[in-house]
Amino acid sequence: MPSSTLFDKIWDDHIVQKECGRRALIWIDRHLVHEVTSPQAFDGLRSSKRRVRRPDLTFATVDHNVPTTDRSLPIEDPISRKQVEALERNCADFGITLFGLYNTRQGIVHVIGPELGITLPGLTIVCGDSHTSTHGAFGALALGVGTSEVEHVLATQCLWLEKPDSFEVRVDGALPRGVTAKDMILSIIGHIGVSGGKGSVIEYRGDAITSLTMEERMTICNMSIEGGARAGLVAPDETTFRYIEGRRYAPKGEALEEAKESWRDLKTAGNASFNKSVRLNASEMKPQVTWGTTPAMVTDVTGKVPHPEDFPEPEMRNAAGRALEYMGLEAGTEIQSIKLDRVFIGSCTNSRLPDLVAASRVVKGRKVAQGVRAMVVPGSQIVKYQAESQGLNRVFTDAGFEWRESGCSMCLGMNPDILAPRERCASTSNRNFEGRQGRDGRTHLVSPIMAAAAAIEGHFVDVREWNFKES
Amino acid sequence: MEPFNRYEGVVVPLNRANVDTDQIVPKQFLKLTQRTGFGKYLFYDWRFFEDGTPKNEFVLNQPRYKDGKILLTRSNFGCGSSREHAVWALTDYGFRVLIAPSYADIFYNNCFKNGVLPITASDRQIDELFEDVTAHYGYTLQVDLNNQTVTKPTGQVIQFMIDPFIKKCLLEGLDDISITLQHEQEIRSYEARLRPYQIVDVVRLK
């Protein structure tokens with residue numbers, strides 16, 4: 001029998017029933033639920049008179065459509081309000097723990113899972129959201145699913161899955177100053193393309209990965225889906241264990257020590273082979289800026305908007321041409337000459353405390369450029385509280401940023417935080433699709449420090465040349 | 001779920017790669033709490049101006065593709081967000097068959113749960129189909145899931161592959177929750193051997 005990868009080990013450990021071929025019924029350890037992709041699933045349970053099999057392993061929060069303005073005011077949008085209320089009712093009826101709108105632990109589902117110790121190594125985790133891949137940073141197999149699968153997991157705590165392939169993304173070397181985990185994952189996606197990871201689970205390996213903090217690993221795994229992968233993984237290590245210690249739902253004391261013993265086996269065997277491999281070098285990476293309408297349409301901050309004719313395949317040439325038209329950009333434009341109307345620091349990719357700390361160091365003592373509206377949306381109430389205890393809110397508001405309540409906000413614009421048509425935004429989120437942040441809005445994906453520097457100058461700048469304290 | 005077997009209809013060509021689910025159904029329509037009624041929002045921003053008037057050049061608004069039932073498109077269709085609303089919008093509009101070189105993984109799974117058949121064909125076959133559809137007004141295809149064939153008006157047949165389990169679910173209109181519940185014994189025996197860290201100690205938290 002061939003030696004196992006980390007992914008093989010987690011997979012084998014969760015097989016409830018093996019079927020023909022690569023299909024298996026897989027046990028799901030944690031199910032995270034939010035207001036947008038769950039109402040139809042709960043209705044399905046009701047109409048077929050089914051219960052939630054393991055409410056103790058199911059956790060819910062409201063994040064996608066909630067306003068990020070004053071929480072003492074009611075939700076103005078009646079349809080959003082209805083969705084939030086539906087989740088409250090569903091959680092009460094089925095006995096599920098809910099971190100509701102007024103809960104001190106509310107936040108983006110992929111921020112609060114890790115923060116509360118719900119996310120642990122070696123688990124299988126699902127959520128009706130594609131960025132569930134975030135939790136792979138802990139060495140958990142974390143999959144985004146649709147609403148029918150949400151209903152299936154609620155009813156059975158299992159999921160039918162076709163075993164994906166394994167894909168090694170190896171990054172060696174060290175990231176230069178001013179180049180972040182966000183730049184690393186954008187570089188990876190630029191390299192493998194938006195469907196490069198299709199049908200696979202990526203394992204991120206190499207020195208450049210093991211030296212990352214948990215928050216940075218989450219940024220990397222979060223965007224695995226933008227490379228088309230089913231999930232992303234990083235093998236758990238001492239960094240992971242240190243993060244987990246003391247978290248609310250994580251094992252404590254002796255139970256934690258026992259768990260660590262099993263988690264230490266969660267690594268790819270030295271002689272295991274992957275279905276596919278790529279290698280990159282972190283020391284050659286530069287700050288990244290997307291210029292188009294997929295996350296793979298990305299280039300270095302020192303670069304230019306490419307010409308559609310630069311692409312060899314006709315499909316990509318057409319797509320690039322359309323993207324430039326949508327983005328209102330001329331081929332050959334210097335990235336650093338692109339002027340901005342809006343800056344958004346937030347989302348499940350980059351709204352954790354270290355993201356906000358890093359951005360605040362760039363912003364400190366400076367002012368947002370005239371004509372730019374900039375916003376910081378912490379990923380959770382806990383992040384917001386911690387940031388405020390360090391005075392980060394003051395650093396941002398003194399500079400002219402808006403400081404908001406936690407939620408998905410302008411990453412997908414389901415709440416009132418959206419771009420106006422043709423407004424151009426530097427965003428720390430994960431998708432620059434047409435209309436993602438608002439109809440005809442133009443999104444450029446960047447790291448938190450790149451977004452912060454762009455807010456100050458009113459256009460993209462090479463943050464490596466800036467004078468700020470990195471840590 | 002309605003069983004699927006033979007299907008025939010007008011083909012609509014959507015000549016774009018990497019069509020993401022944000023385009024299939026934009027976020028402002030995700031607030032509905034039912035599964036029906038999403039058809040009018042399908043490809044909304046491509047199909048309508050902001051005031052709701054149709055964009056004539058968009059393929060769904062062209063008279064020759066009215067009542068389209070099969071969507072022909074390019075690679076990595078359905079990428080991005082996991083929103084099943086994308087599939088609900090396609091079915092509600094009237095598409096139960098898609099033909100493309102490839103699909104994004106989550107979207108592909110969502111299709112089967114809603115009785116939609118996403119057919120995968122080679123780049124060459126897709127190129128030919130695009131040529132055929134644009135050359136012939138009212139171009140239709142016949143799809144036979146049992147025999148795994150797509151038949152052109154000329155009688156030419158394209159054979160396609162599909163996972164046998166998925167095929168069975170579609171043909172019989174099976175609800176996979178009830179299939180899973182037949183494995184109650186296996187689920188219980190797995191549950192009985194959960195490792196301590198797989199369990200959430202609710203008692204300790206109280």
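Helices (DSSP runs of H or I, at least four residues) and strands (runs of E, at least two) are numbered from the N terminus. Residues are numbered from 1 along each chain as its sequence is written, while chains are lettered from A and ligands numbered from 1 in the order in which they are written. This is a predicted model, in which local features need pLDDT of at least 70 and side-chain atom pairs count only at pLDDT 80 or more, whereas totals for chains, interfaces and linings use all residues.

**Exercise 1**

Task: Find where Glu245(A) lies, and decide whether Glu245(A) is buried, partly exposed or exposed.

Solution: Begin with the elements on either side, which show that Glu245(A) sits in the loop between α9 (238–244) and α10 of chain A. Next, apply the rule that a residue is buried if 20 or more other C-beta atoms, placed from the backbone, lie within 10 Å of its own, exposed if 12 or fewer, and partly exposed in between. Glu245(A) has 13 other C-beta atoms within 10 Å and is therefore partly exposed. Finally, the C-alpha atom of Glu245(A) is separated by 36 Å from that of Leu73(A), which is 172 residues apart along the chain.

**Exercise 2**

Task: Place Pro67(A) in the chain and state which residues Pro67(A) is in contact with, leaving aside its neighbours within four places in sequence.

Solution: Pro67(A) belongs to the loop between β4 (58–61) and α3 of chain A. Because 21 C-beta neighbours fall inside 10 Å, Pro67(A) counts as buried. Two residues are in contact if their C-beta atoms, placed from the backbone, lie within 7 Å, and by this rule Pro67(A) meets Ile75(A), Asn415(A) and Pro416(A) once its neighbours within four places are left aside.

**Exercise 3**

Task: Determine which residues of helix α14 of chain A are buried, and how they are arranged around the axis.

Solution: In α14 (residues 392–399), the buried residues are Leu392(A), Val395(A), Phe396(A) and Ala399(A). They cover an arc of only 90 degrees around the axis, so they lie on the same side of α14(A); the arc is that of the directions from the helix axis to the C-beta atoms. As background, an α-helix has 3.6 residues a turn, so residues three or four places apart point the same way. The cover over the buried residues of α14(A) includes α12 (353–363), β16 (373–376), α13 (381–389) and β17 (402–403) of chain A. After α14(A) comes Gly400(A), with a positive phi near 105 degrees.

**Exercise 4**

**Exercise 5**

Task: Work out how many residues each chain brings to the contact, and which element supplies the largest share on the side of chain A.

Solution: Chain A brings 61 residues and chain B brings 46 residues. On the side of chain A that touches chain B, the largest share, 7 residues, comes from α5(A). For the model as a whole, the scores are ipTM 0.95 and pTM 0.97.
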